[in-house]
Amino acid sequence: MDRLRKSILEDLPEIEWISDPTLRQGAIDAWALALEKSSFSRISEIPGEANPGIMVMRRGGQNFHLSGVTRLALASVDYFAEIYPEAVIDRDVVICGGLCHDVGKAWECDPENQARWKADASLVGRPSLRHPVYGAYICLTVGLPESIAHIAACHSPEGDNVKRSLECIVVHEADVAWWKISAASGLTQDGTIPDHFARMFEPRKARDMPRAAE
C-alpha cells in the first residue's frame with residue numbers, strides 16, 4: 001500500500017498543491033482504490049487516451065493528461081483571482097477535481113474489462129460503466145465530497161444533462177482544451193481523432209524528437 005501511494009504522488013505531484021489535508025488525502029485514497037480494483041499498478045500505466053481507442057496519445061500515460069488538465073484549470077482560477085477577485089472559485093476543489101476527474105479510467109481502460117466487454121456486450125454493456133460514472137463511485141466510496149464526485153461524473157458529456165458546478169465548468173473546459181490542443185498539435189495517433197474534432201482543424205505535424213538512449 002505504501003508503495004502504491006508513493007507511486008501516486010510520483011505520477012501526480014500536483015496533489016501536494018491541495019491545501020486541505022483531508023482533501024489531499026482523499027485524492028490519494030481515490031486513486032489507491034481505483035488502482036487496487038484494476039490490473040494497473042500505477043497511474044502512468046493507464047493509456048493516454050480520452051476513451052479506449054479514441055484520442056490515443058503518441059506517448060505518455062494518463063498522468064500527463066491529469067497533470068495537464070489540472071494546470072490549465074489552475075491557470076484560469078489564478079487569472080480570475082487576480083483580475084476579478086470578487087469571483088469565488090474553490091482552488092482546492094479545482095485541483096482535486098482536476099486530478100481525480102478521470103479516476104474512473106482505471107476501470108474503463110483496464111484490458112481485462114475491455115476483453116470481457118468485447119467478448120459479449122449483451123451481458124453488461126460495452127463498457128458496463130463509463131469512467132465518469134465509475135469515477136463518481138470511487139470518489140464517494142473513499143469519502144471525497146460531493147463537489148469532487150460531481151466533477152468526476154460531469155466533466156464529460158454526461159454533464160451536459162445537468163447544471164455543472166462552477167469548479168466543474170473550469171475542469172471541463174480545461175479537459176476539452178487539453179484534448180483539442182493535443183490533437184491539433186499532432187500529438188495523437190492517426191485515425192483516433194473522432195469526427196466532431198477532426199472537422200474542426202487539420203493537425204499540425206509534430207517535430208521529430210530524439211529517441212531516448214536504450
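Gly97 is placed in helix 4, which spans residues 91–100; helices here are DSSP runs of H or I with at least four residues, strands are runs of E with at least two, and both are numbered from the N terminus. The model is predicted, so local features need pLDDT of at least 70 and side-chain atom pairs count only at pLDDT 80 or more, while totals for chains, interfaces and linings use all residues. Residues are numbered from 1 along each chain as its sequence is written, and side-chain values use heavy atoms, with hydrogens and water left out.

With a relative accessible area of 1%, Gly97 is buried (buried means under 20% relative accessible area, exposed over 50%, and partly exposed in between, with a 1.4 Å probe and protein chains only). Neighbours within four places in sequence aside, Gly97 is in contact with Ile148, Ile151 and Val171, where contact means heavy atoms within 4.5 Å. Between Gly97 and Ala73, 24 residues apart in sequence, the C-alpha to C-alpha distance is 9.8 Å.

Ala73 belongs to helix 3 and counts as buried at 0% relative accessibility. Residues up to four places away in sequence not counted, Ala73 touches Val94, Val170, Val171 and Ala174. A separation of 9.9 Å is found between the C-alpha atoms of Ala73 and Trp178, which are 105 residues apart along the chain. Thr70 also lies in helix 3 and is buried, at 0% relative accessibility. The contacts of Thr70 beyond four places in sequence are Ile95, Gly98 and Leu99.

The largest nonpolar core holds 56 residues, of which Ile8, Trp31 and Cys100 touch the most other members; a nonpolar core is a set of buried Ala, Val, Leu, Ile, Met, Phe, Trp, Tyr and Cys residues joined through side-chain atoms within 4.5 Å. Elements giving two or more residues to this core include helix 1 (2–11), helix 2 (21–36), helix 3 (62–83), helix 9 (146–154) and helix 10 (166–184). Helix 2 gives the most, with nine residues. With residues up to four places away in sequence not counted, Trp31 touches Ile8, Leu12, Ile43, Ile46, Leu66, Leu99, Cys100, Asp102, Val103 and Ala106.

In helix 8, the buried residues include His131, Pro132, Tyr134 and Gly135, together with Ala136, Ile138 and Cys139. The buried residues of this helix pack against helix 2, helix 4, helix 5 and helix 9.

Overall, the protein has eleven helices and zero strands. Its radius of gyration is 17 Å, close to the 17 Å that the globule rule gives for 214 residues, so the protein is as compact as a globular protein of that length; the radius is taken over C-alpha atoms, and the rule is 2.2 Å times the number of residues to the power 0.38. Along the principal axes, the C-alpha atoms fill a box of roughly 45 × 45 × 40 Å. Buried residues make up 47% of the 214 residues. Of the contacts with a separation of 6 or more, 63% are between residues 24 or more positions apart. The accessible surface comes to about 11500 Å², and 54% of this surface belongs to carbon and sulfur atoms; areas come from the Shrake-Rupley method with a 1.4 Å probe, and for residues only the protein chains shown count as cover.
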